[in-house]
Structures are given as C-alpha cells and as structure tokens.
Amino acid sequence: MLNFAAAQQPLPPEPRTPSLLVGAAWYPEQWPESRWEADLVLMEQAHIHLVRIGEFAWSTMEPSEGNFQLDWLQHAIRAAEKHHIVVVLGTPGAAPPAWLTQKYPETLRTKEDGRKDEHGNRQQFDWSSPKYREFVVRVTERMAQRFGHDPDVIGWQVDNEYATESYGDSTRAQFQQWLQAKYKTLDNLNRRWTTAYWSETYQSWDQIPIEETYGNPGLLLNWKEFVSDTWRSYQRVHLDAIHKYAEPRQKITTNMMGWFDAYDHYTVAQDLDFASWDDYVGRGHLDLARNGAAHDLTRGFLRKNFWVMETQPGFVNWSPNNTALDKGEVRAMAWHAIGHGAEAVEYWQWRSALNGQEQYHGVLVGADGTPVPLYAEVQQLGADFEKAAPTLTGTTVHSDIAILQDYPSRWAIDWQRHNKSFDPVSDAIVPWYAALRNQTHSVDMIADTAPLAPYKLVVAPALNLLTPAAVANLVGYVRGGGHLVLTQRSGMKDADNSLYTQRQPGPITELLGARVEQWYALEDAVPVEGQWGSSKSPKWAEQLGVTAKDTEVLMRYGKSNGWLDDQPAAVTHRVGAGRITYIGAALEPLAMNSAARWMLSTSGVTLVMPDLPQGVDLAVRSGGGKSVYILTNYDAAAQTIALPHAMTDVLTGSTASSITLPQYGIAVLR
C-alpha cells in the first residue's frame, strides 16, 4: 500500500547557508528597528550566517500577562533573511518578566538561606515550580505556533545555561516524593544510606532534608540526581511545546557550560537533537588540553557533532582580570572547536548593550555601531568557514581511545576530597586526556555506560563511583578484548555513594588480580619508578597489592612514608585477549607520556603524526571517504610541519608535503 502522506512530503530545500557556521548572539529588542539593517549589513560582510535571538526577550514578547507581541521577532527574522542569515530562537525562560514574578511569587527560586530571589538579574526562577512551567510552556507554544514553520528558523535553544536550583518547601516535597518513587520504602533507603550512622535514620519521608555539600553521601548524591532529573523535566516541557507545532527539521539544543557540574549533563542531553556549549577562556589564553577535553566532553553527550553556542569575542567581563586573547587567537580558538567536532561557532555578543550587567564584555560591534578591531579577524574566520565547509561536510572525529567521565564520581570526590587540593578534573581527567591526545590527536570522552566496543583503549581517570550498569559495561569490554585503564580513586563507591565491601576497584578487583590495600593523602610527593621511568606522585598515592600470579607490576614506590616503600604503584593483568591496568600513583608529565605510549602500543593504537613540533596542534576529522587534518601553531615561533604526504590546504588552495605556520597560523588539509 502506498504511503500517500509520505509521498506528498516536499523535497528538502537547498541549503540556505554553509554547513559550517559563524554566528553571533543578536538582541534586536535592545535597539530601534531602524538600526537593524546596518547591523545585518555588517554581519553579512563578516560572513556571519547565523544569529541567536530571543533568549532574554520575554518582557518584549509578553509585556503583560497574555499580551503576546511577536511581530518584532517576525520582522527581525525577515530582515536577517535578506542577508542570508538564519536564526536559532531562544526560549526566554531564563529571564522572566517582572509582572510574572511579582504576581506569582511562587515562581521565584528560594535561595539556600530561605530568602526568595528577586527580579533584576536572570535565572531567578524556580525550575521545579509547576506555575512557572505553565508560563514557559505558554510563551514557548506561542513562539512555536508563529515560527515553527518559518524556513529561516533552523533551530531552538531551550532556556540559557541551566544553573540555579531552588530550596523551598515545594521543591523539598518534590524531592521527597522522588526518593519515595525510587526507594519505595524507608527501610530500603535507610539500609542503603547506612543511616544508623549518627542516628540519621528517617521514620517518615518528610524528615528528609536538602543537603548540597555536607551530609550523608547517599543524600548528597540523590539530591544531585533529583536536580538533574528536574532540569530534564523542565527542558521536556519546552521540547513538547516546540514539537507540538514545529517542523522536525528545526533541531533543538540547550547551551551547556563545559566542566560545570551542578547537574548530570548526560541525563539532560539525552532528549536533545544536538549538544552545544558556551566556550569561554575568561582570564589568560586558550588551554588546549582543558578546552579540547571540554569540546570532546560535549561531543560525547550524544556522541555526535556539536555547536559552540557562545564564545568570547576577545575578552569577557566576569573574570577578576578580563584580559584579551591575542590577535589571531580568537580565529585559532574557533578552528580548535571545529577540529573537535563543532559545526558552528557563535560569538556572544554582536554589539555592546548600552546598559545591563555585561557592558564591558567583548563584542564585534561597539555601542556606537561600528566594528571593533576584532571584527576583521572574525570576518576572516567567516571566509575560512565558507571555503572549508564543502570539505568538512559529513565529517566528524573518529577515535580509537575513549576517556570515561562520570558526574557522580566527580561529585563523590569533591564532597570528600581527603586532600583539599585534589581536583578530579584538573588532577585526573585532563592530564590523562592531554597525554593521550598529544600522541593520537583524537580522543572521545564518554559516559561509563556508553558503548565501548569501538575502542582499542578505554581510560577511566578517578572513576570513583561504579553502578551495576557501569561494572557490566567495563567487565564486558575487557572480556571482549579491550584494554581498560583505571587510575587513582577508581571503584570505591556504589550507586548509593556507599563504600563497596570489596577493596578498590570494587566489583572488578578479581578481574584486575590486584587491589588497593590503602590510600594516602600526601603533603609531600612520593617517588615512583619502573617501566615508565622515574616520577613523583603528588597529592595522592595508593598502595596496591597483587592477588593473582599473572598480574604484572609496572611501577613501584620509592622510599617515602614507610607504608608505600617498594610497594606496587601500577599493575596490569591480561584477561583473555583483553587487559586491565590500574595506576595508583599520579605521574609527572614525562612519566605520564611514557605510560600513555605504553598504553597505546599495548592496545594496538596506530599513531598519526606523533612527533609534531612544539606548540602545534593537530585535529583529524573524517567521513564520506574524506580525511581532513586541521593544524594550528600556538607557539610564539613559526613552526615547519612535515606532512605524511602531499596535501592541499583548502584555505589557500596550495599543495605541499610540508607547511610552515606562524603563531596562530592554521591549515585545513585534505
């Protein structure tokens, strides 16, 4: 039987813009309509093909209750269309109007000290409030009815930078109901949280408080999981409102914030069409490892390409010292994002607002309406993107290596650091990411329950908390022939944030053929040496014990506190065709690089251009029979790079077997 409905679907339109987009956050509601044309002319001249509008404009969209005014938004979209600029619409829930929170004070968030937040900033709303959700659904539905079929609206951003929770009685009651649905009985909750400790036992659900930083570890973890689920449900009402009226081609995202961890991003991202994040350096300069890992983290939420929804045009306004990026660094930073799988880079913001809390923030056009010096650099970037778009279309990052990143593990360590200076991101995830990526130029960062079979090597830095699903995934990966590497502080806690009854790494101790005998917080670094050379372990060290005859000791501690002297610091164990390695010591860069080389060699990972000159970064994207190398020189000196064979730079059209790049010079090679 023919499907006439499907047969009558129109052919997809021709692409209205390049597949690689430079964009800007534009706030037409802040300016007279007579000014819009001049701004859009400057955008077109800068090769800007994308604007995000609307995310803070609720008071203009609905100046009084039920009085919707969307004609100005229609005019802005049509004005942008004339300049070949498409639109992402932001739903405006991050900045509720004064009439709403004044008339319905229950929609304001309650701070931790019990006071209500106030109008005049943003994010003052209560994300758990049913009344607030009624209003955001209503305004979102009106927007979707009006623009859900607009050919120049290509997507939606839900809210803006989810960040703030509420701590009032209503939220606490919802949390208690959430706990009851999860644990079913108080006896079950009390047992799994070991509430006999300090007589914390609960006799009724309404006794359970909200705790953020110090309390029963089970309570702390469950509050974070509730926060994550509540952001997901808050987002869901927006998605439902948009889907009710909008065409499926209009894709939906929300702008996350890199290493920000107030909620579990995997929980929230799963309902989105694509992931995006706001990429800000703040003070100083681009940190290739930390920033690159944040890109790969974002790509890993949905395991596909992503957008940079905001980034800084030179400098910000919220750092203690808001230094500017170097000339050329903004362009390099954008290409850094593309190399890690971004398909759009959008600057916040287009033009200086005349008033408001961010007057000093970097822009592309000043308050006087004329371009600032950085405009020319973004103009060059826009031209770059237009040239490179056909080559990069259909490509993404493909990796043989994955790093596992887990929010509950980070929370668990941060609540009980044991050494106050131990940071799970800065001291575990990013250093191992840097050591591996410097030699392979592509690393995926994924959840511990994501499919692992595609990877030859999986590294889990400080994977402190292991759920049954994660354990099954890791064990299955090793037994299937993969190489799993666990580092310090891994496998200590279960799904309730309780200590495992086995020593670390908990349920996979038997697979390892070794265990952690004791952990030590350190004031002075301890020596460690062995197959990966000599090093020192600062902040933390774990004394390992071998329990299987065929477990190999790779590194041992030197003389230190007596307990660690000559004890195993790193071990590895073959499991059929697979392997599991545990590293109980932190390593200095030279030893860590040596360990990374050993991991890659042992796992059969093929290296691509492993000996790049100092300061040169390589990213590789592939797909559709294409392989694209993006090379950038961040060193102050010009660097010459030998290529594996003659390649063509799509930005210049030249073909060569070696290239020389000045500082912040970029080549996109096919």
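Look along helix H6 and you'll find Tyr132, Arg133, Phe135, Val136, Val139, Thr140, Glu141, Met143, Ala144 and Phe147 buried (under 20% relative accessible area, with a 1.4 Å probe and protein chains only). This is a predicted model, where local features need pLDDT of at least 70, side-chain atom pairs count only at pLDDT 80 or more, and totals for chains, interfaces and linings use all residues. Residues are numbered from 1 along each chain as its sequence is written, and side-chain values use heavy atoms, leaving out hydrogens and water.

H6 covers residues 130-147, and its 25 Å from first C-alpha to last is close to the 26 Å expected at 1.5 Å a residue (that is, 1.5 Å times one less than the number of residues). Helices here are DSSP runs of H or I with at least four residues, strands are E runs of at least two. The buried residues of H6 pack against helices H3, H4, H5 and H9 plus strands S3 and S4.

Now step back into the loop between H5 and H6, where Ser128 sits. Is Ser128 buried or exposed? It counts as buried because its relative accessibility is 2%. Its side chain makes a polar contact of 2.7 Å with that of Asp126, and another of 2.7 Å with that of Thr171 (N or O pairs within 3.5 Å, one able to donate a hydrogen and the other to accept it).

Thr171 leads on to helix H7, where Thr171 is among the residues that meet H9 (contact means heavy atoms within 4.5 Å). The H7 and H9 axes, lines fitted to C-alpha atoms over the stretch in contact, come within 10 Å and cross at roughly 105°. The two helices are therefore roughly perpendicular (65 to 115 degrees).

How values were computed
Buried < 20%, exposed > 50% of the residue type's maximum accessible area, 1.4 Å probe, protein only. Axes fitted to C-alpha atoms, helices over the stretch in contact; angles between N-to-C directions. Parallel < 35°, antiparallel > 145°, perpendicular 65-115°, else oblique.
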